[in-house]
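Please look through the sequence and the model below before reading on. The paragraphs that follow take up a few places in turn.

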Amino acid sequence: MKLTYVVAVATLLSVSAASAGEAAKTEQSTAPVAVPASAKSEAAANPAVELKQGLDTLIQFLRSAPSIAELGTYLEEKIAPGFDFEFMSQASAGSLYRYMEDDQKARLAKKMEEMFLASLAEKLAMYDNQDVAYLPPRRNRRGQVMVSALVNNPGRYPGRIDFRMHQTKGGWKVYDVVGNGASAIAYYRSYFRKAMR
C-alpha cells in the first residue's frame, strides 16, 4: 500500500513559513525571493497563510527542475521542519507507544520521517505544474486547525487535501495529511502494526 500521489504532493505544501523568505531558484532567475516582515508575522499567527507561502516557495523550487540529490536536501531542510513527526509516530503507534523506551520512540519518529520524505521525493518527480486553490481554514475546540486545499489536475476532478495542524513550541506543525479521505497517520498505523507482528 502506498500513499496516493495527491497525499504525497499535498504534504509538500506544509513548508514552514521560515523557508518562504529564503532563496529559491526559478526558470528565469536565481535571485532570492524576499518575504516582507509583516507577511512573516501574519504567517506565524495564521496557518493558512503559512501553508500558502510554503507552497509558493515549493513551486518555485520544483520549476527549477532539481536533481534527486537537490530534492532530497530540500525536503530535509525545508519540508521536514513543518511536520510534527514525534506526534505522528505516537499517533501511528497507538497504545503500543506507552510501552516503548525513549530511544525506541526516537527511532520510530526518525523512521517515520525517513519513510515519509522518501515517498515525497519519489512522488515529486511527477510534478506537472498543478495549481492549488485554498478553502477557508477551520478551527476545532482544541485549537487545532484544518487547512484544506484543492489540487487542480487538468482533465480530472481536483484532489482534496486536508492538512491537520496544531500549535507547538516551534510554531504551527502538520500532524496529519488527509488526501481524498486517506489519512497519513492511518496508513502508518497499519504499516507499523504489520511490521511489529
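Where is the place of Ala 65? In this predicted model, Ala 65 lies in the loop between helix H3 (47-62) and helix H4 (68-79). Its relative accessibility is 62%, and because exposed means over 50%, Ala 65 counts as exposed. The backbone at this place deserves attention, since most residues other than glycine have a negative phi. Ala 65, although it is not a glycine, has a positive phi of about 55°.

From that loop we can turn to a pair of helices. Helix H5 (residues 85-93) packs with helix H6 (residues 102-124) at an angle of about 100°, and their axes are 8 Å apart, which means that H5 is roughly perpendicular to H6. On the side of H5, the residues that meet H6 are Phe 85, Glu 86, Met 88, Ser 89, Ser 92 and Ala 93, while H6 contributes Leu 108, Ala 109, Met 112, Glu 113 and Phe 116. Sorted by class, this contact of H5 with H6 has seven nonpolar, two polar and two charged residues.

Phe 85 and Phe 116, which both take part in that helix contact, also belong to a cluster in which ring pairs link Phe 83, Phe 85, Phe 116, Tyr 187, Tyr 188 and Tyr 191. In the whole structure, a search finds eight aromatic pairs. In one of them, Phe 83 with Phe 85, the ring centres are 5.5 Å apart and the planes are at 25°, so the pair is stacked; both Phe 83 and Phe 85 are buried. The rings of Phe 116 and Tyr 188 have their centres 6.2 Å apart and their planes at 50°, so this pair is tilted. It links distant parts of the chain, with Phe 116 in helix H6 and Tyr 188 in helix H7 (residues 184-195), 72 residues apart. Phe 116 counts as buried at 1% relative accessibility, and Tyr 188 counts as buried at 1% relative accessibility.

Is His 166 buried or exposed? With a relative accessible area of 12%, His 166 is buried, because buried means under 20%. The side chain of His 166 makes a polar contact, at 2.8 Å, with the side chain of Asp 84. Leaving aside neighbours within four places in sequence, His 166 is in contact with Asp 84, Phe 87, Gln 144, Gly 171, Trp 172, Lys 173 and Tyr 175.

Note on methods. Residues numbered from 1 in each chain as written. Predicted model: local features only at pLDDT ≥ 70, side-chain atom pairs only at ≥ 80, totals over all residues. Heavy atoms only, no water. Buried < 20%, exposed > 50% of the residue type's maximum accessible area, 1.4 Å probe, protein only. Polar contact = N/O pair within 3.5 Å; in protein donor to acceptor, adjacent residues only side chain to side chain. Contact = heavy atoms within 4.5 Å. Helix = DSSP H or I, 4+ residues; strand = E, 2+ residues; numbered from the N terminus. Axes fitted to C-alpha atoms, helices over the stretch in contact; angles between N-to-C directions. Parallel < 35°, antiparallel > 145°, perpendicular 65-115°, else oblique. Nonpolar A, V, L, I, M, F, W, Y, C, P; charged D, E, K, R; others polar. Phe/Tyr/Trp six-rings, centres within 6.5 Å; stacked < 30°, edge-to-face > 60°.
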